[in-house]
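Welcome to this short tour.

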Amino acid sequence: MSILTESVQALLQDSKAAKVLATVDKQGIPHLVSDNTITVNDEGQIIYLELIETSRSNVNLVNSIWFKRKVAIHLSKGEESFQIKGYPVYSVISGPVFEHYYKLALERNPEFDLSTVWIIEPDEITDDTYTARKNKERDEHPLITHLDRLAK
Amino acid sequence: MDKYKDVSPFVIIKSDVTRRSFIYTDRALGALDKSKHQYQQRVLIGSNGDENAAVPVSLLLRDGTSIIGMPSKTAKNPYVVDQIDGKLVLTDQGEIVEEVHYWYKPDYYDKFTSSGTPMWQVASSRPQRLEIDPNSHCHFWNKGNGCKFCNINANSAQSEKECNMSKQLTAQDVYETVKEALKQPGAFTNIKMSSGSILSGAEIFDDEVDMYIEMLQAAGDNFKDKKFPSTIVASAFSEKQLARLYENTGLMTYTSDIEIPNEALFAWICKGKHKEVGYAEWKRRIIRAVDIFGAGNVSSGIVGGCEMAQPHGFTNEDDALKAVLEEAEDFASQGVSIVHCVWVPMHGSAFHNQQNPSLEYYVRLAKGLSDLRKKYRLNVDMDNYRKCGNHPDSDLDRGNLE
């Protein structure tokens, strides 16, 4: 069962939401791609469509699935903001699932030549709004704040 | 795996499964859906299967790595493909090792050409490659000089007898099958052709070159441009033959296998090739192909581990690996990628009773060959994980792209 709530899944399915995928290379150097086509499948797994076989993201994802390294997805729209971390679990390069998304990519843009359907299993999710993050910090680290905030 | 933390565990699993072979449980075979999965295949080397038993032609791992192989009933310590909790898995001594998938069947597979030939007998399908082997008879075997690791003629003779599968394809069948295959969006990224060696012609291999020209032109008639992503795995052609092939077809890349990268062992194991062409000349021709196709667009396959076949092969794995990688570096420094398959002492080959090397040998070999490509900045797009899928070393390259 997926850890993604219904509201997060709805946001993942919203093409107007901002979605950013973060990966790291072998040396730990981060790499970001912004892609609002990132979505979710019926199993609550995140789908990222890689269009460039030799891209830095794709190579980093390959190393992530090989060596069990997490990737991160930032998701936001309006007042909502989430960060999801998870593991790439499938690199789909052929078969019915691949061909489904290949056709979908072609419909979006006839120039798109899909390389890989990445399926990412979410492992943790955090509310990434300022309010949620600040409240968490106040609870766990009450000594970290400016005194003027506490003045009468 | 703990010792080689920087090597893909999927590639290690692939190497070991190929090395030790595998079998299916009845549950796993029950998961084969003949309407969705491939269970019939035309291959040059190995086995085209048993017409009475529907067995998946190969396996795919979660990361897109292929395991090319057929189950062996005589393997001494095989992996077992089972179905557990609704998923197909590889197991070793009862422990789940990794999830696997059967290869899907492309749309053209169950169709027929206008001559009535089943299209699956014209073109096999790997996960992203169309495989067309227009001639599955090798002339080197005619005088008993076939390569000792190979079973091409035994396999094709059996398939002709039992399945009425022709050893030779027609250009029209090739044209029609490629045309049909291209109707399936996203299914293929490459066309590969291969054949047993044809020695006849004014110059040795002239007739083989003519055959490839005819077949590549037939396949090429389906494309807008003259050149299309394609390769052949062929005999070592002369510069004149290579130029003729390049100029008259859409061919973009070329492979000729050196098989055993050691002259003395090549002379013993590939006796026919050594007698008719010779190791040094076979190698020279492969390297000269770079002048035509460009660096990185020429590769040469080796039967990894066969250099330890007895009684003349290396007896020490370190010595064998050193010799192989030194020769591979000589190729790489001149623009040729060396790629390896895992030597399987196959039924029908002269070496069927031999023992292949350790898993560690194959891990070091794969890493060594991949590292050489990195050192000499050779990309292996022509023979990468999603095209051939039979080379653990080129599987590793996808994690090393700069």
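Start in chain B by selecting Ala171(B), Val174(B), Tyr175(B) and Val178(B) of H4(B); they touch Glu214(B), Met215(B), Ala218(B) and Ala219(B) of H5(B), where contact means heavy atoms within 4.5 Å. Colour this contact by type and you get seven nonpolar residues, no polar ones and one charged.

A word on the model: it is predicted, with local features needing pLDDT of at least 70 and side-chain atom pairs counting only at pLDDT 80 or more, while totals for chains, interfaces and linings use all residues. Residues are numbered from 1 along each chain as its sequence is written, chains are lettered from A and ligands numbered from 1 in the order written, and side-chain values use heavy atoms, leaving out hydrogens and water.

Now show both helices whole: H4 covers residues 171-181 of chain B and H5 residues 206-220 of chain B, packed at about 30° with axes 8 Å apart. H4(B) and H5(B) are therefore roughly parallel (angles under 35 degrees count as such).

Next, bring in chain A. Here 23 residues of chain A contact 29 residues of chain B. The two chains bury about 2,200 Å² between them, 56% of it on carbon and sulfur atoms; buried area is the accessible area (1.4 Å probe) lost on putting two parts together, summed over both. Select Trp66(A), Tyr90(A) and Ile93(A): they lose the most area on the chain A side, together 32% of what that side buries.

Last stop: which side chains meet in a salt bridge? Pick Glu53(A) and Arg386(B), at 2.8 Å, N to O; the rule asks for a side-chain nitrogen of Lys or Arg within 4 Å of a carboxyl oxygen of Asp or Glu. Across this interface it finds one salt bridge.

Conventions:
Axes fitted to C-alpha atoms, helices over the stretch in contact; angles between N-to-C directions. Helix = DSSP H or I, 4+ residues; strand = E, 2+ residues; numbered from the N terminus. Parallel < 35°, antiparallel > 145°, perpendicular 65-115°, else oblique. Nonpolar A, V, L, I, M, F, W, Y, C, P; charged D, E, K, R; others polar.
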